[in-house]
Amino acid sequence: MTAFPKIYVAGHRGMVGSAVVRQLLAQGHPEEFIVTRTHAELDLIDQAAVRVFFAAERPDQVYLAAAKVGGIHANNTYPADFIYQNLMIQTNIVDAAFRNGAKKLLFLGSSCIYPKFTPQPMGEETLLTGTLEPTNEPYAIAKIAGIKLCESYNRQFGHSDGIDYRSVMPTNLYGPGDNYHPENSHVIPALIRRFHEAQVNQAPSVTIWGTGKPRREFLYVDDMAAASVHVMNMPQVSYRQHTQLMLSHINVGCGHDITIRELAETIARVVGYQGDIAFDPSKPDGVPRKLMDSSRLNELGWKAHVGLEVGLKAAYEDFLEKFGSRY
Ligand SMILES: NC(=O)c1ccc[n+]([C@@H]2O[C@H](COP(=O)([O-])OP(=O)(O)OC[C@H]3O[C@@H](n4cnc5c(N)ncnc54)[C@H](OP(=O)(O)O)[C@@H]3O)[C@@H](O)[C@H]2O)c1
């Protein structure tokens with residue numbers, strides 16, 4: 001028997017998956033005990049191919065960080081892709097992992113599983129207590145199904161087969177490997193790109209949608225990866241003390257939120273943009289506040305370490321490395 005578990009990181013080229021691989025290596029997990037496949041090598045929507053892969057590799061642990069991910073525009077334009085692909089990817093992986101002896105699995109969900117209007121900060125227990133945000137409902141439903149998939153396999157096979165499948169729900173993430181697509185990106189990469197372009201073109205001002213008043217929470221992706229490894233490796237007895245069989249997911253956030261105005265000012269500072277920042281209140285703001293209650297995870301011994309400005313600097317360096325030469 002080897003001293004190290006064989007770990008499959010699904011989605012290892014994505015922002016979170018690549019951070020999980022970095023984290024495992026940084027913690028001393030040997031590279032030869034990490035299994036990966038690119039999308040071109042293994043389409044996770046293809047159930048037969050996923051079964052063949054798991055039967056051949058038989059990983060002990062799985063980080064499920066592969067998903068169809070996107071911002072509001074992409075979710076609104078491709079709802080069928082978002083629900084179909086995510087349901088397929090996670091169902092294929094969870095079932096093939098179980099059939100081929102993977103005892104531990106960590107499913108990555110998202111804060112959009114919670115009702116649109118719910119008390120803040122959002123605790124795990126608010127799942128399925130209200131109506132979801134309509135724009136990303138198909139994606140959120142797939143993510144809720146992913147949690148329930150893990151819980152159902154645990155309930156049916158946890159005792160007989162010794163499996164322990166867990167779920168984490170990250171807040172908004174950012175950092176190296178983010179998506180900077182002009183239409184399909186999240187708020188931080190979109191603002192990094194816009195401020196960078198404004199700086200290069202010496203634009204006198206940058207206008208941001210909405211009033212700048214909504215409050216949002218952001219977590220650096222390497223913190224997310226560290227939290228994922230922490231939850232995966234946490235002893236079952238502690239995990240069970242803080243979760244329930246049918247309410248088992250764990251929120252992962254930094255614990256505090258900031259306004260979009262504060263975020264924009266910080267990004268402008270990191271990028272070195274000195275022009276004006278204007279807001280267009282005729283554009284929608286979204287919900288006034290979105291903050292995770294991460295006390296469950298804090299009680300389980302983990303908290304975020306990377307401050308926003310430090311994280312944004314690392315994200316901007318990564319942006320410059322990849323796209324700087326285009327400007
Ligand atoms: N980014 C955030 O702010 C955020 C916030 C909360 C939760 N999360 C969750 O974290 C997880 C990872 O997100 P991320 O930001 O790392 O996304 P990402 O950068 O888009 O990475 C997703 C990865 O999954 C792969 N993938 C997608 N469909 C596949 C398929 N059919 N077969 C094989 N591989 C496939 C992608 O490969 P290709 O690019 O080659 O398709 C990509 O490498 C997701 O579950 C997401 O819901 C992310």
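How far is an oxygen atom of the ligand from a polar backbone atom of Ala67? The distance is 3.3 Å.

## Basis

This is a predicted model, in which local features need pLDDT of at least 70, side-chain atom pairs count only at pLDDT 80 or more, and totals for chains, interfaces and linings use all residues. Residues are numbered from 1 along each chain as its sequence is written, and side-chain values use heavy atoms, with hydrogens and water left out.

## Ligand site

The ligand is surrounded by 24 residues. Val16, His39, Asp43, Tyr139 and Lys143 are the closest of them. A residue is near a molecule if one of its heavy atoms lies within 4 Å of it.

Polar contacts are pairs of N or O atoms within 3.5 Å; within protein, one must be able to donate a hydrogen and the other to accept it, and residues adjacent in sequence count only if both atoms are side-chain atoms. Gly14 has a polar backbone atom 3.2 Å from a ligand oxygen. For Tyr139, an N or O atom in the side chain is 2.3 Å from an oxygen atom of the ligand.

## Cavity and pocket

Both kinds of space are found on a 1 Å grid over the protein atoms alone. A cavity is a set of points where a 1.4 Å probe fits but cannot get out; a pocket is an open set with protein on both sides within 12 Å along at least five of seven lines. Lining residues have an atom within 4 Å of a point. Points are joined across faces, edges and corners, and a volume is the space filled by probe spheres set on the points.

The structure has one cavity of 30 Å³ or more. The largest cavity holds about 30 Å³. Its lining consists of Ser111, Met122, Thr171, Asn172, Glu217, Lys290, Leu291 and Met292. By class, three are nonpolar, three polar and two charged. Here Ala, Val, Leu, Ile, Met, Phe, Trp, Tyr, Cys and Pro count as nonpolar, Asp, Glu, Lys and Arg as charged, and the others, Gly among them, as polar.

The second largest pocket has about 200 Å³ of space. Its lining numbers 13 residues, with Asn154, Asp164, Tyr239, Arg240 and Leu245 nearest the centre. Three lining residues are nonpolar, six polar and four charged. Helix α5 gives the largest share, four residues. Both α5 (137-161) and α8 (236-242) supply at least two. Helices (H or I, at least four residues) and strands (E, at least two) are DSSP runs, numbered from the N terminus.

## Buried residues

Thr259 sits in strand β11 (residues 258-259). Thr259 counts as buried because its relative accessibility is 14%; buried means under 20% relative accessible area, exposed over 50%, partly exposed in between (1.4 Å probe, protein chains only). Beyond neighbours within four places in sequence, Thr259 is in contact (heavy atoms within 4.5 Å) with Gly212, Lys213, Pro214 and Arg215.

Asp318 belongs to helix α11 (residues 308-323). At 10% relative accessibility, Asp318 is buried too. With neighbours within four places in sequence set aside, Asp318 contacts Gly175, Pro176, Gly177 and Asp178.

## Backbone exceptions

Most residues other than glycine have a negative phi, and most peptide bonds are trans. Gln120 and Pro121 are joined by a cis peptide bond, with omega about -10 degrees. Pro121 is in the loop between β4 (104-108) and α5.

Arg58, not a glycine, has a positive phi of about 45 degrees. Arg58 lies in the loop between α2 (47-57) and β3 (61-64) and is partly exposed at 45% relative accessibility. Gln202 also has a positive phi, near 50 degrees. The loop between α6 (187-200) and β7 (205-209) holds Gln202, which is exposed at a relative accessible area of 70%.
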